[in-house]
Amino acid sequence: MHLRSGGIDIYYIDESHDRQVFVATALRIPFLRQIEGVWQIVWPNYLELAKAWRKQIKADLKIPTSKELHGHKLASGRGNFLEGKHNLKPAQADRTYRQILASMQFMPDEGILSASASRGKYLYGHERIEAAMYALFQRMRRQCVANRTNAITFFDQGHPEYRTLYRQAQVYLPTGSALGGWMGGLSKNLPLDMFTKDANEKNSKHCYFTQATDLIAYAAFLKLKGEQKKLLDWQDARKLNTLYDEIPIAKINTKVSFIPPRDGIVRLK
């Protein structure tokens, strides 16, 4: 395997789901770049930006930097986020979640991409979890091709089934053509052959990038639940389906789907 001219990226992947809807989100963070003819590891620069982001959250919202951020806990007002020992009231939780999403400027442009599937939605014979993951892998591969990059993947701990899917996708990943098919068939095997190693696991408690991915995935999940008119009453009353729209649009890869809305979420039909 040759190092591609664009360098290496790291994709941090997390998910949010219930019995009907599954959303997988990837956050791309540059790792290696050639700058003025010299290869440089740039990942620490983004880590410093993420640390500054968390320090600002602490200053503005009184959430300690040591407190692990979880989307579903934050939205519901649970988790003792306020000063690390108090729950947020509903209105506080809404404002806090929105402000955190809006402040995600430390990410590279087009760094966020998601894929979703509902029960009964298929992709090449796969349903829901597998379908959403494979759709996400396809878009990650497409981004690597466009940026001429290699890549590494980190999953949140506790999901060995995702590693199995990832390993399969490194060998066999059927992909359809936007033009209606490949010569001789509707799909072509385009595996993750630019991804340099097996999938890694990351403890989200110690990773700001994984925590940010969790917040985005849950916001995307609520947006899709809202589109399907399946929000819980308290979620609907607080219009939590609009949380995702707080994310700076420049940070979202709107090219993952050419079907409106161009919001960086692949919706399998």
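This briefing describes the aromatic ring pairs of the structure above. The model is predicted, so local features need pLDDT of at least 70 and side-chain atom pairs count only at pLDDT 80 or more, while totals for chains, interfaces and linings use all residues. Residues are numbered from 1 along each chain as its sequence is written, and side-chain values use heavy atoms, with hydrogens and water left out. Rings of Phe, Tyr and Trp (its six-membered ring) pair if their centres lie within 6.5 Å; planes under 30 degrees apart are stacked, over 60 edge-to-face, and the rest tilted. By this rule there are 13 aromatic pairs.

**The pair Y12 and F209**

- Y12 and F209 form a tilted pair, with 5.1 Å from centre to centre and 40° between the planes.
- Y12 belongs to strand β1 (residues 7–17) and F209 to helix α6 (residues 208–227), 197 residues apart; helices (H or I, at least four residues) and strands (E, at least two) are DSSP runs, numbered from the N terminus.
- Y12 is buried, at 3% relative accessible area, and F209 is buried at 2%; buried means under 20%, exposed over 50%, and partly exposed in between (1.4 Å probe, protein chains only).

**The pair F137 and Y166**

- The ring centres of F137 and Y166 are 5.9 Å apart and the planes lie at 75°, so this pair is edge-to-face.
- Because F137 lies in helix α4 (residues 129–147) and Y166 in helix α5 (residues 160–169), the pair ties together parts 29 residues apart in sequence.
- F137 is buried at 0% relative accessibility, and Y166 is buried at 0%.

**A ring cluster**

- Ring pairs join Y11, F22, Y134, F137, F155, Y162, Y166 and F195 into a cluster.
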